[in-house]
Amino acid sequence: MGMVEFPLIGMNGNSFIMTLLPIARPDFDVEICIAYASSENFTGHAIYKRPGCYLHEDASKLLSRAIDLAKPLGLRFKIFDAFRPAEAQWVLWNHTPDPDFLSDPRRGSPHSMGVAIDLTLIDSSGDELDMGTGFDDFTPQAHHGALDITVEGQRNRAVLLDLMTAAGWDFFQNEWWHYQMFDARARYPILSDKVLDEPMMLDDI
Ligand SMILES: [Zn+2]
């Protein structure tokens with residue numbers, strides 16, 4: 001898979017790995033639709049062997065806050081990716097080494113620290129709101145502030161941006177679906193698939 005060495009795991013003491021929490025109902029009222037656990041992603045291939053959804057406990061608190069803010073609006077979140085093992089970042093990067101849309105794995109993605117999340121909003125029927133583009137659409141139309149998308153898409157992105165930033169998340173200019181904790185790289189280490197009790201990475205990629 002063309003992997004080279006990277007600053008692996010980076011345990012802050014021995015207790016760090018215990019802080020990755022599974023994101024699931026009933027504790028988190030969200031839909032889980034992990035894109036990289038199926039071929040429904042920009043690589044056309046599954047990267048994970050199971051749809052694991054984990055966040056660092058610090059990030060999980062911000063997600064809980066966002067869930068609470070969305071609920072009175074009749075909205076919930078659908079999550080496409082959360083913790084992404086460092087090994088998976090290499091697979092994505094080797095497929096599309098574009099720093100406008102992916103973090104160079106040597107620098108590390110906040111996803112690989114468990115403090116980033118890709119998500120959209122769904123209505124009470126579970127249908128995704130129009131966001132102007134799909135998830136992982138690596139085009140300028142996916143940028144915040146894009147005006148060449150539907151007005152409905154602009155409005156829904158604004159709602160998502162408001163809910164997430166009000167809950168304490170930082171946004172990424174080039175991807176309407178991506179949110180991460182502030183100063184992630186200064187505060188959290190890059191984590192390998194090996195920190196999970198049950199690995200997520202497929203063996204044969
Ligand atoms: Zn992301």
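These are my notebook entries on a predicted model of one protein.

**Ground rules.** I number residues from 1 along each chain, in the order in which its sequence is written.

**Overall make-up.** I looked up the secondary structure and found four helices and seven strands, where helices (H or I, at least four residues) and strands (E, at least two) are DSSP runs numbered from the N terminus. Read from the N terminus, the order of elements is β-β-β-α-β-α-β-α-β-β-α. The radius of gyration is 16 Å, close to the 17 Å that the globule rule gives for 205 residues, so I note the protein as being as compact as a globular protein of that length; the radius is taken over C-alpha atoms, and the rule is 2.2 Å times the number of residues to the power 0.38. The C-alpha trace spans about 45 × 35 × 30 Å along its principal axes.

For contacts I required C-beta atoms, placed from the backbone, to lie within 7 Å. Among contacts with a separation of 6 or more, 71% join residues 24 or more positions apart. Of the 205 residues, 39% count as buried, a residue being buried if 20 or more other C-beta atoms lie within 10 Å of its own, exposed if 12 or fewer, and partly exposed in between.

**The sheet.** I then traced the strand pairing, which needs at least two DSSP bridges between two strands, and found five strands in an open sheet of mixed pairing, in the order S2-S4-S5-S7-S6. S2 and S6 (170–172) are the edge strands, each pairing on one side only. S2 (residues 31–32) runs parallel to S4 (residues 76–81) with two bridges, and Ile32 has Ile79 as its bridge partner in S4. S4 is joined to S5 (residues 116–122) by five bridges in the antiparallel sense, with Lys78 partnered by Thr120 in S5. S5 and S7 are also antiparallel, over three bridges, and here Ala116 stands opposite Gln180. S6 and S7 (residues 175–180) are antiparallel with three bridges and form a hairpin with two residues between them; Phe171 stands opposite Tyr179.

**Helices against the sheet.** H1 (residues 57–70) packs on the sheet, touching S4 and S5, and its direction makes about 145° with that of S4. H3 (residues 151–166) lies across S5, S6 and S7 and runs at about 130° to S5. For these angles, axes are lines fitted to C-alpha atoms, for helices over the stretch in contact, and values run from 0 to 180 degrees between N-to-C directions.

S7 is mostly covered, with six of its six residues buried. In H2 (residues 86–95) seven of the ten residues are buried, so this helix is largely enclosed by the rest of the structure; among the buried ones are Glu87, Gln89 and Trp90.

Technical notes
Predicted model: local features only at pLDDT ≥ 70, side-chain atom pairs only at ≥ 80, totals over all residues. Contact = placed C-beta atoms within 7 Å.
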